[in-house]
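Please set the sequence and the three-dimensional model side by side before reading on. The report below is meant to be followed residue by residue.

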Amino acid sequence: MARLVHQPLEDQEFDFILGMTDGPVLAYFCGSWPKAVAACRAMDAVVAELAQEYGTRLTAVRTDITRCPGQTKRFEVTGAPTAVLVKDGRAVATHAGPMTTTELRAFLDAHA
């Protein structure tokens, strides 16, 4: 069964998810300003598809830049969408901008 795409409401909840998760975490940061909305919605579909495909090998976390400013700063996110692959609480790879399913799969396979 696939893991859900988590959506923390604040920085502490994000930390809780990281602390309770074994294996890699795909944190993708989204914004609610007009230029980011369409790209972030497209990433929602891509991430949901791959979360289903990867199942228990990956935990996906959709992170709103406005709601989790501490995590945004921690992972040096400057735009949305941005994907950050996290292992053991540390970023191992980052990609700024939207990705297709094929691109995100390649990103994950190269770094997970």
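This is a predicted model: local features need pLDDT of at least 70, side-chain atom pairs count only at pLDDT 80 or more; totals for chains, interfaces and linings use all residues.

Residues are numbered from 1 along each chain as its sequence is written, and side-chain values use heavy atoms, with hydrogens and water left out.

**The strands**

Helices (H or I, at least four residues) and strands (E, at least two) are DSSP runs numbered from the N terminus. Strand S3, residues 59–64, has 6 of its 6 residues buried, so it is largely enclosed by the rest of the structure; buried here means under 20% relative accessible area, with exposed over 50% and partly exposed in between (1.4 Å probe, protein chains only). Both faces of S3 are covered, with Thr-59, Val-61 and Thr-63 buried on one side and Ala-60, Arg-62 and Asp-64 buried on the other. In a regular strand, side chains alternate between the two faces of the sheet.

| Pair | Sense | Bridges |
|---|---|---|
| S1 (residues 5–6) and S3 | parallel | 2 bridges |
| S2 and S3 | parallel | 6 bridges |

His-6 stands opposite Val-61 in S3, and Tyr-28 has Arg-62 of S3 as its bridge partner. Between S2 and S3 the chain passes through H2, and this β-α-β crossover is right-handed, meaning that, with the strands pointing away from the viewer, the path from the first strand over the helix to the second runs clockwise.

**The nonpolar cores**

A nonpolar core is a set of buried Ala, Val, Leu, Ile, Met, Phe, Trp, Tyr and Cys residues joined through side-chain atoms within 4.5 Å. The largest has 20 residues, of which Leu-26, Val-47, Leu-104, Phe-107 and Leu-108 touch the most other members. At least two residues of this core come from each of S2 (25–30), H2 (34–54), S4 (82–87) and H4 (101–111), and H2 gives the most, with 8 residues. Apart from this core lies another, of 12 residues, including Ala-27, Phe-29, Ile-65 and Val-77.

Val-84 lies in strand S4 and counts as buried because its relative accessibility is 0%. Leaving aside neighbours within four places in sequence, its contacts (heavy atoms within 4.5 Å) include Val-25, Leu-26, Phe-75 and Ala-91. With sequence neighbours within four places likewise left aside, Leu-108 is in contact with Leu-26, Leu-50, Tyr-54, Leu-58 and Leu-85. The C-alpha atoms of Val-84 and Leu-108, 24 residues apart along the chain, are separated by 9.9 Å.

Note on methods:
Two strands pair if DSSP finds at least two bridges between them.
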